[in-house]
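Subject: Structure handover

Hello,

Here is the structure I promised to pass on. Please open it beside this email as you read.

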Amino acid sequence: MTLIKSISGIRGTIGGAAGDGLTPLDIVKFTSAYGAWAVKKTGIKKIVLGRDARISGSMVNNIVTGTLMGLGIDVVDIGLSTTPTVEIAVPLEKAAGGIILTASHNPKQWNALKLLNADGEFINDADGKEVLEIAESSNFTYADVSALGKVIFDDSYLQKHIDQILALPLVDVDAIAKADFKIVIDCVNSTGGIFVPALLAQLGVKTVYKLFCEPDGEFAHNPEPLPENLIALSQEVTSNRADLGIAVDPDVDRLCFVCEDGNMFGEEYTLVAVADYILKNNKGNTVSNLSSTRALRDVTEQAGGEYHAAAVGEVNVVNKMKEVGAVIGGEGNGGVIYPELHYGRDALAGIALFLTHLAKYGKPISHLRASYPGYFISKNKITLTPEMDIDALLLKVEDKYKDQPHSTIDGLKIEFDKQWVHLRRSNTEPIIRIYSEGDSETVANNLANKIIADIKDILKLS
């Protein structure tokens, strides 16, 4: 059993002993801490609650609801939902914050409490630490019987979310409808199976082939939308002679596409394509994290904008986007953040913007993919002994490459012309993650192997 407490929330496997998994006692403890923090921060006694379709969702939902009510907090329960839908609901409800019950792309035995502030954005580092401190000190007081909170069930937010997407000036429903796309969707038997078909229908898409769209939490494959997990989607696209395939993760904040020939568009290129469309219509800056493809930088600079890199983590990307006034940003895992709608990864908004782009492009999706710079990312790791000083090791690598452009805002990223390598220490294991990118798989792998060899040489000398 596993329980991981972090500044962005609490996640773990269901079952086991208290403190060693996401048990009812742990759920009560951390919900109490978050509720106490949210009321102290805002003076508002209202929290929005939504969940993906995980098997444990109903159980966790009931415990969270009862705990918040016990604190004297009203709960707006929007039911089976998506992460971006809850993010939109929080400010509309003028709530103190929101809790999303989802473990994102983790397998079905996992669940989590993702925590939002009053703006509907993930809580920052300082606030997250305060919530953890409140949890450890049990510094919360429950309401007496006359001051208990109440629960309000509200199923209107699917339509409210879609309405906001349709109202975006750069979403062209007429263009999408005229393109007469045939689309296969893989919603991994979670809430995308409710939200994605509803969105496509209102975008004028008449032919939709549904794959794994029953929101029962029985994930038909590993729920992370990676190529090796989307074989069935690829086969359905080609067998139905569809124009494209769409895959989302269980809480619908990650998005990737399959081309008409069954090949992957590449989750790294979801953001690149959407940014290309936005920048063609709205000049400005872009942001992604340090481990995302250089293609976004290329597309941004070609459009006359400035690209900025942020530390890994959605809250870091959002903070950098606000700092530089970015018109589009996100993460290379298929996460699109479009601030005109809200500051959160939103696969539904990404679908609407991408389909508009593809409709106006007027050629097959594989041609669109071929129009972007071709890069390949290699993902590796090196395991060290637990007592190893990883920070000192990274400093030695930095010194070796001090004459190359490099960044230390999140581990160490070193640039070699249009190639790069990013080294980050794991927060949970004695390993260094090594991501590298080049214009081919061979180039990317060779760069990673060179850095790994450098690390081994440094270890021999120390």
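**Ground rules**

This is a predicted model: local features need pLDDT of at least 70, side-chain atom pairs count only at pLDDT 80 or more, and totals for chains, interfaces and linings use all residues. Residues are numbered from 1 along each chain as its sequence is written, and side-chain values use heavy atoms, with hydrogens and water left out.

**Overall fold**

The chain has 15 helices and 20 strands. Both are DSSP runs numbered from the N terminus (helices: H or I, at least four residues; strands: E, at least two). The radius of gyration is 22 Å, close to the 23 Å from the globule rule for 462 residues, so the chain is as compact as a globular protein of that length. That radius is taken over C-alpha atoms, and the rule is 2.2 Å times the number of residues to the power 0.38. The C-alpha trace spans about 65 × 65 × 40 Å along its principal axes.

Of the 462 residues, 55% count as buried. Buried means under 20% relative accessible area, exposed means over 50%, and partly exposed lies in between (1.4 Å probe, protein chains only). The chain exposes about 18,600 Å², and carbon and sulfur atoms supply 50% of that area. Areas come from the Shrake-Rupley method with a 1.4 Å probe; for residues, only the protein chains shown count as cover.

Among contacts between residues at least 6 apart in sequence, 68% join residues at least 24 apart. Contact means heavy atoms within 4.5 Å.

**The core**

The largest nonpolar core holds 60 residues. Such a core is a set of buried Ala, Val, Leu, Ile, Met, Phe, Trp, Tyr and Cys residues joined through side-chain atoms within 4.5 Å. Leu200, Leu244, Phe265, Phe354 and Leu355 touch the most other members. Helix α12 gives the most to this core, with 10 residues.

**Aromatic rings**

There are 6 aromatic pairs. Phe257 and Phe265 form an edge-to-face pair, because their ring centres are 6.2 Å apart and their planes lie at 85 degrees. The cut-offs: rings of Phe, Tyr and Trp (its six-membered ring) pair if their centres lie within 6.5 Å; planes under 30 degrees apart are stacked, over 60 edge-to-face, and the rest tilted. Phe257 and Phe265 are both buried.

Phe265 also pairs with Phe354, again edge-to-face, at 5.4 Å centre to centre and 85 degrees between the planes. Phe265 sits in the loop between β11 (255-258) and α9 (268-281), and Phe354 in helix α12 (residues 347-361), so this pair ties together parts 89 residues apart in sequence. Phe265 and Phe354 are both buried. Ring pairs link Phe257, Phe265 and Phe354 into a cluster. Beyond its neighbours within four places in sequence, Phe265 has contacts that include Val258, Ile365, Leu368 and Tyr372.

Two lysines sit over rings. Lys413 lies over the face of Trp420, at 4.3 Å from the ring centre. Lys400 lies over the face of Tyr401, at 5.8 Å. The test is NZ of Lys or CZ of Arg within 6 Å of the ring centre and within 35 degrees of the ring normal.

**Single residues**

Arg294 is in the loop between β12 (285-289) and α10 (295-302). Is Arg294 buried or exposed? Arg294 is buried, at 12% relative accessible area. Not counting residues up to four places away in sequence, Arg294 touches Tyr375, Glu415, Asp417, Lys418, Trp420 and Glu437. Its C-alpha atom is 8.2 Å from that of Gln419, 125 residues away along the chain.

Now for backbone angles. Most residues other than glycine have a negative phi. Ser138 has a positive phi of about 55 degrees. Ser138 lies in the loop between α4 (125-137) and β7 (151-153) and is partly exposed, at 44% relative accessibility. Phe212 also has a positive phi of about 55 degrees. Phe212 lies in the loop between β9 (207-211) and α8 (231-239) and is partly exposed, at 26%.

Lastly, Lys206 lies in the loop between α7 (192-202) and β9. Lys206 is exposed, at 68% relative accessibility.

Best wishes
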